[in-house]
Amino acid sequence: MKSSIPNIVLLWLRSPELSRLMLGLGALLLAIEGTWSVPIHTSSVFGVYIVLLLILLGLQLPRLRFGAAWLSHAGMLLVLAGSVLGVSDRIPCKMRLYANDACSIAYTEDMCTVQLPFTVALDRFETEYYVNDSVAPKQFRSYLRIDGKEMVTEVNSPARYMGYSIYQDGYDITNGQYSVLKFVRDPWLPIVYAGMILLAMSALLLMLGRWNWRIILPIVTLIAVLFTLFSIARINFQTLAPVLRSWWFVPHLGMYMIAYSVVAVASIATFFNTTLAKQLMRSASGLIVLGMLMGSVWANQAWGDYWGWDPKENWAAVTWLLTVMCLHVRDARRWKITVYVLLTFVALQLTWYGVNYLPSAVNSLHIYNS
């Protein structure tokens, strides 16, 4: 009897029920932070949760056959491990630099000094405005000289030197006399990106759903077009924020549009065909992952952080976790699939436009019109 206890525990640790429990707990924690901006991700509770999640992923990985599930588990394991282990080695810092000035000291958010291994000089700062508009900047960039080497950094296009990425973080809005630069050195970033590649491969396999595409595809396309038109109508392209002027904008937005359309169709299908609904959720899960990954790479190019715990980011993760919970339903109970599908639909509403009205919207980097 004693010898069977470890096996029972191991089976429970690898069970879909525990997986759903962990996914649900993660969704709850992210929803709380995404709604009220409570810094849960810095708490010891969240730290313990991540450690348990890493253990769970590690235990489940050997029993999975190579495919979407294996790639997804391995990808998340690398992303989380690289993020957790890289915290101590990653020290983002900023520098306020005036024209014709040079400096090698930057500061962290809590004003600790960081001695950079090179000296940065600002030759000139340039702000590009929209036509007939001297208020909304179209782009701003700094022309730098680092150890005598000429470089340019601008929004969405950081300069790179000695393992550091140098971002155009801000500037003197009043007089344009100085530029704010952000320096990030993240030696664990390749591990995180390797995990992202595995997640993207898993997402592509998940998108190959076994549903009647001849009927579903036109419906999804119509809803996606309506979603896109509604979203574009709210965007003022004449004063588009510099961070949005990126080639990632269209694929990132488009992927989410299609994903949310699939979830909308799944919400209808769940009332008469739960098998179809689950297959649609499988495809939606892959699409959401691709949308998040594109957003993460874009964010890293723009801000130097691939995940900023922004309210919209947190709610996007909640939406994805709910789709994954649905995929972990192994029995044929219709009500479970229905609950997960409908919860996902509600979460995507909060992600897409509901975040604008939550208390956390004040601190969101995605509320550009404010």
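Buried means under 20% relative accessible area, exposed over 50%, and partly exposed in between. The exercises below use a predicted model.

**Exercise 1. Classify Cys 93 and Cys 103 as buried, partly exposed or exposed, and count the disulfides.**

Step 1. The relative accessible area of Cys 93 is 1%. This value is under 20%, so Cys 93 is buried.

Step 2. Cys 103 has a relative accessible area of 25%. That falls between 20% and 50%, so Cys 103 is partly exposed.

Step 3. A disulfide needs two cysteine sulfur atoms within 2.5 Å. The count of disulfides is zero. For Cys 93, the nearest cysteine sulfur belongs to Cys 103 and is 10 Å away. Cys 103 is likewise in no disulfide, its nearest cysteine sulfur being that of Cys 93.

**Exercise 2. Describe how helix α3 packs against helix α4.**

Step 1. Locate the helices: α3 covers residues 44-60 and α4 covers residues 68-85.

Step 2. The angle between the two is about 145 degrees, and their axes lie 10 Å apart. The crossing of α3 and α4 is left-handed.

Step 3. List the residues that meet. From α3 come Ile 50, Leu 53, Leu 54, Leu 57, Gly 58 and Gln 60. From α4 come His 73, Met 76, Leu 77, Leu 80, Ala 81 and Val 84.

Step 4. Sort the residues of this contact by type: nine are nonpolar, three are polar and none is charged.

**Exercise 3. Which parts of the chain does the salt bridge between Asp 169 and Lys 94 tie together?**

Step 1. Check the distance. The closest N and O atoms of Asp 169 and Lys 94 are 3.0 Å apart, and the cut-off is 4 Å. This pair forms a salt bridge; the whole structure has ten salt bridges.

Step 2. Place the residues. Asp 169 belongs to strand β7 (residues 164-171) and Lys 94 to strand β1 (residues 93-98), so the bridge joins parts 75 residues apart in sequence.

Step 3. Read the accessibility. Asp 169, at 30%, is partly exposed, and Lys 94, at 36%, is partly exposed.

**Exercise 4. Trace the salt-bridge network that includes Arg 141.**

Step 1. Name the members: Glu 126, Glu 128, Lys 138, Arg 141 and Glu 154.

Step 2. Take one of the pairs, Glu 154 and Arg 141, whose N to O distance is 2.6 Å. Glu 154 is in strand β5 (residues 149-154) and Arg 141 in strand β4, so parts 13 residues apart are tied together.

Step 3. Arg 141, at 11%, is buried, whereas Glu 154, at 22%, is partly exposed.

How values were computed. Residues are numbered from 1 along each chain as its sequence is written. This is a predicted model: local features need pLDDT of at least 70, side-chain atom pairs count only at pLDDT 80 or more; totals for chains, interfaces and linings use all residues. Side-chain values use heavy atoms; hydrogens and water are left out. Buried means under 20% relative accessible area, exposed over 50%, partly exposed in between (1.4 Å probe, protein chains only). Axes are lines fitted to C-alpha atoms, for helices over the stretch in contact, and angles run from 0 to 180 degrees between N-to-C directions. Helices (H or I, at least four residues) and strands (E, at least two) are DSSP runs, numbered from the N terminus. A crossing is left-handed if the near helix is turned anticlockwise from the far one by less than a right angle, and right-handed if clockwise. Contact means heavy atoms within 4.5 Å. Ala, Val, Leu, Ile, Met, Phe, Trp, Tyr, Cys and Pro count as nonpolar, Asp, Glu, Lys and Arg as charged, and the others, Gly among them, as polar. A salt bridge is a side-chain nitrogen of Lys or Arg within 4 Å of a carboxyl oxygen of Asp or Glu.
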